[in-house]
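Q: Please walk me through this structure. I want to know what each term rests on.

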Number of protein chains: 4
Amino acid sequence: MKKLISTKDAIFAAAVSLFNDHGFDGTSVRDIAGKADVNPATISYYFKGKQGLLEACFTHFFEPYLRFLEEETAALPYIDAEVCLKRAVYKLLKFQSENHQLTRFIWREVSIDSQVVREIIASYLMKERFYLKCLFEKGMMDHSFKKQPVNFLIIQLKSMLTFPFLNSQQLREVWQLFPQEFYFVDHYYQQIDQWIRLMLVEQRNEPFEKEMLV
Amino acid sequence: MKKLISTKDAIFAAAVSLFNDHGFDGTSVRDIAGKADVNPATISYYFKGKQGLLEACFTHFFEPYLRFLEEETAALPYIDAEVCLKRAVYKLLKFQSENHQLTRFIWREVSIDSQVVREIIASYLMKERFYLKCLFEKGMMDHSFKKQPVNFLIIQLKSMLTFPFLNSQQLREVWQLFPQEFYFVDHYYQQIDQWIRLMLVEQRNEPFEKEMLV
Amino acid sequence: MKKLISTKDAIFAAAVSLFNDHGFDGTSVRDIAGKADVNPATISYYFKGKQGLLEACFTHFFEPYLRFLEEETAALPYIDAEVCLKRAVYKLLKFQSENHQLTRFIWREVSIDSQVVREIIASYLMKERFYLKCLFEKGMMDHSFKKQPVNFLIIQLKSMLTFPFLNSQQLREVWQLFPQEFYFVDHYYQQIDQWIRLMLVEQRNEPFEKEMLV
Amino acid sequence: MKKLISTKDAIFAAAVSLFNDHGFDGTSVRDIAGKADVNPATISYYFKGKQGLLEACFTHFFEPYLRFLEEETAALPYIDAEVCLKRAVYKLLKFQSENHQLTRFIWREVSIDSQVVREIIASYLMKERFYLKCLFEKGMMDHSFKKQPVNFLIIQLKSMLTFPFLNSQQLREVWQLFPQEFYFVDHYYQQIDQWIRLMLVEQRNEPFEKEMLV
DNA sequence: GATGAATGAGATTTCATTCAT
DNA sequence: TATGAATGAAATCTCATTCAT
């Protein structure tokens, strides 16, 4: 008689939920075991301790996350950079919304120095930076995007991509916005779409025309 | 013989530093006591336990933070909204940069649900939203800013204001940017200034074309 | 397709090796299972738990050990006691050297009170004492050995018989002697042989002088 | 109101007693805490964990143990080697008898490889060897002792010095001897005294007689 | 014959806190 | 003002064992 959900998956789900609510250090394996309805020892059995659970979280998040970026970067030779960038943005928003608990936990924990997983994280984030840079720079080379330094733009984009999920509690309580609901993705995507248009694509009136007039 | 720095301040400074590095739950009072070179009992003596230390952190951060916003909101009747908003942005960036450890810790901890300080935080954040809304809406009323829904704009601004400090580790390692250094504030301010211009102030092509028609 | 070494033997060998290195309580069944490359459950299957493994160790050691003593005691009516004693000594040294890991573990564990195997051990040791006493007392009755109290002599002999194997680590590190190597047995046997001669056999000067006087 | 016995000493005494009975790995800190009538946390407070307790045991044993040997070695230039050796033997027997629990535990644990204290032990035992070698070789240089290789003699002596304490349980049950009682020291000392006389001092008959014949 | 999943019990250690001083 | 001693509670992890397969 097989179980509908494997013990290992049940533990992982419980862990994500509790890590999201109380943070990694604020969650005990007993809490997780309790929520997953298993014996605490079972967690060590499957994940080799709490640390292993943390590493599993990072893998489960970053593997798909980076795949989305990689897909669009791979499409750059064939498809317009603006389209690729926007598709990447949409996929990342959707993925994060669908995994909002894991997402919030990951982005929060990423900002803690002490975890032994630092090197793993650093390598993931370097890859992320690489893909984003490709997307921006290809657009500028093709004159789809205005020429400008990319670093701060990427940071701006990244901040917008993570903020609603990292601060979902705040969005709910203060703004009555619900990042985990499907329509939020579409609304928020419109915002970033507009940002891309204004910051990256559209030619400004003044300097260009003024010069012409002179 | 007076001490150069009071015991209480030494404890607070040690706590901020360690909370920043390892999170609230990841830091023990013994660690703090060790770093401040006092007996663990002294912490309870001054702050009534670890929780009191956490509350002190929130107070130390949000009191000045909200005062800056309040100052500029108070100036709205006399000074142009765009100026007020930009001054507020600059002050907040500077304050956060100067208190980058505390800032990082606060924004991270804010995203944890379980802290007993939830209600305190919620009230702080409601005030923040109120001030920011005033700044944006006054600008629109005065036609300094383009008319548009403000919620998502404020979220975008907030995300930009917090991201570099919350992810300072990432900025350092991945982008070689150092949010705690004084020149970062100026650079980053330029970025947000540009964002304000493009997103809030500048007339897009369409209206320009309308003018042309006239 | 038969295995070269049976699963049960593999487990036993792994157990002896680990018990020798880390002691009984310092060894886990998982360690043993790991070393024997079997599943921990298999150990319970063959030995009915860790305790069973311990009992197997005692049996494997004391059955041959006592047999050697018994053989020589049985020969006493027909062969000179000095010869029997020396042959027993040699056999015991050889046996212990060939099973040095098991030997070390046994003699160490014997000195722990708490094992549930206490009664078994006590009975083994009583038998050992019986055989040794026979060997000594027969020698005295036959005037092969000088008449003297035997208790302390047996203890001296026993201490010499066990020390090098119980403290093999020490002999290796401090004395560069290697009790598990075959030539050690011969060298060490010479020592005990000399001890037997001086302590048991040889007439001291005094009695000799007395005889002279007569 | 001062306590008659300090908490730390009470813990140490309880630990020695239990380590003696059940071995280091066979004793839990809870057992120790229970016997010392303190909270288990107090043990970590004073000894920094179980390992610290083990190290304290080694120090408490070897410091006086080696001091006795060192004292007699230091006296070698002024006093006859035979006297020094015998005095050392007596002191060591007495010290071990008076601390029979600690002694038994130490000699047993010394024969386990895995303890992190290996290097400490090794260095203690090297010193012990050095002192014993001095005592034997000085005696031979002065012609108090017969010339002969010392290694095996020292091992014989060492085995006699430790056996009764390491196997006290056995001595009690099998031989009705009680190594912790004060008169045991004297009896056993006589044995070793005789051993020294026969093995080290006394000229054998044969050469003597041969000389006479010549 | 042999095992993978799962566990109850218990091990050690850490934690925040208290209290007499 | 500040602390050393001591602790109850809880955290993580390990252990030997069982049982269905």
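A: A residue is near a strand if its C-beta atom, placed from the backbone, lies within 6 Å of it. Keep in mind that this is a predicted model.

Q: What makes a residue part of the surroundings of DNA strand E, and how many are there?
A: The cut-off is 6 Å from the C-beta atom to the strand. 30 residues surround DNA strand E. The closest include B:Ser28, C:Ala41 and D:Gly49.

Q: Which elements of chain B give two or more residues to that surface near DNA strand E?
A: They are α2 (29-36), α3 (40-47) and α4 (50-75) of chain B. Chain D gives α2 (29-36), α3 (40-47) and α4 (50-75). Chains A and C each give α3 (40-47).

Q: Which residues come nearest to DNA strand F?
A: A:Ser28, B:Ala41, C:Ser28, C:Gly49 and D:Ala41 come nearest, of 30 residues around DNA strand F. The surface near DNA strand F divides into 12 nonpolar, 14 polar and 4 charged residues.

Q: How do you know that chains A and B are in contact?
A: Two residues are in contact if their C-beta atoms lie within 7 Å. 36 residues of chain B meet that test with 35 residues of chain A, so the chains touch.

Q: What gives the largest share of the side of chain B that touches chain A?
A: α8(B) does, with 9 residues. By class, that side of chain B has 16 nonpolar, 13 polar and 7 charged residues.

Technical notes: Residues are numbered from 1 along each chain as its sequence is written. Chains are lettered from A and ligands numbered from 1 in the order in which they are written. This is a predicted model: local features need pLDDT of at least 70, side-chain atom pairs count only at pLDDT 80 or more; totals for chains, interfaces and linings use all residues. Helices (H or I, at least four residues) and strands (E, at least two) are DSSP runs, numbered from the N terminus. Ala, Val, Leu, Ile, Met, Phe, Trp, Tyr, Cys and Pro count as nonpolar, Asp, Glu, Lys and Arg as charged, and the others, Gly among them, as polar.
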